[in-house]
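Opening the notebook on this one.

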Amino acid sequence: MGFLSEGTAAALARLVALDDADAPPLERLRGIRSLVAALEADPAALAAVREAVASGATWEDVADAAGLSPSAAKYRWAGDDDAIARRQEASRRRKRDRPSSKPVDLPGLSVAEAAKQLGVTPQAIYQRVSRGLLEARTVELPDGRSYKRVFLEPEG
C-alpha cells in the first residue's frame, strides 16, 4: 500500500481485520466510515489526479474515474495547494455560517401554510395577495435568508 498514507493504510488494515473476525455490525460500520474519512483526507488522491493531468488526462477523465462531475473534480483538485486550501476554507466558512434549518418563529404563515388553512392552492394565495385581498411581506433575516409570509388577519 505504498501510495496510501500511513493513517489510511492503518484504517484499511483495521477494516480488513474486522472482516476476518465476527465483528458486530456497528463496529463494522465504524470501520467503514473511518476508512472513508481517511481516504477522503488522504493526499494520494490529489497526487494521482495531478499525475493523471500531467500525463494528459482531461478533467472529464478525472471526473469519470472519481465518480464526480468535471466541475466538482476541478473544484476539489485544480490548482496548487494554496488555491485548494482557500476553496476548502471558504466552503467550511459558508457551511459554518449557514443555519441548518428554517426558523420556526417567523410572523404570519408561509404561502403553503396559508393555502392549506384556506383550502386553496399556493397560486391562489399569490393571486389574492396581488389583488390586495391578503397581506404578504417578505421577512429578511440578519443572515440574508428571506421568506414570504402571509397574514390572514390584519396585524393589530
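I looked up who lines the largest pocket, and H6 gives the largest share, seven residues. This is a predicted model, where local features need pLDDT of at least 70 and side-chain atom pairs count only at pLDDT 80 or more, while totals for chains, interfaces and linings use all residues. Residues are numbered from 1 along each chain as its sequence is written, and side-chain values use heavy atoms, with hydrogens and water left out.

My helices (H or I, at least four residues) are DSSP runs numbered from the N terminus. A pocket here is an open set of points on a 1 Å grid over the protein atoms alone, where a 1.4 Å probe fits, with protein on both sides within 12 Å along at least five of seven lines; lining residues have an atom within 4 Å of a point.

The largest pocket holds about 560 Å³ of space, the volume being what probe spheres set on the points fill. I get 20 lining residues, with Glu40, Ala41, Arg76, Trp77 and Gln88 nearest the centre. H2 (25–41), H3 (43–54), H5 and H6 each put at least two residues into that lining. By class I note twelve nonpolar, two polar and six charged; Ala, Val, Leu, Ile, Met, Phe, Trp, Tyr, Cys and Pro count as nonpolar, Asp, Glu, Lys and Arg as charged, and the others, Gly among them, as polar.

**H5 on H6**

Next I checked H5 (residues 70–77) against H6 (residues 81–97): the angle is about 105° and the axes are 7 Å apart. Axes are lines fitted to C-alpha atoms over the stretch in contact, and angles run from 0 to 180 degrees between N-to-C directions. So I log H5 and H6 as roughly perpendicular (65 to 115 degrees; over 145 is roughly antiparallel). Lys74, Tyr75, Arg76 and Trp77 of H5 touch Ile84, Arg87, Ser91 and Arg94 of H6, contact meaning heavy atoms within 4.5 Å. That contact has three nonpolar, one polar and four charged residues.

**H4 on H5**

H4 (residues 59–66) packs on H5 at about 95°, axes 8 Å apart, so H4 is roughly perpendicular to H5. Trp59, Glu60, Val62, Ala63 and Ala66 of H4 meet Pro70, Ala73, Lys74 and Trp77 of H5. I count seven nonpolar, no polar and two charged there.

**H1 on H2**

Last, I looked at H1 (residues 6–20): its axis comes within 9 Å of that of H2, crossing at roughly 160°. H1 and H2 are therefore roughly antiparallel.

Technical notes:
Parallel < 35°, antiparallel > 145°, perpendicular 65-115°, else oblique.
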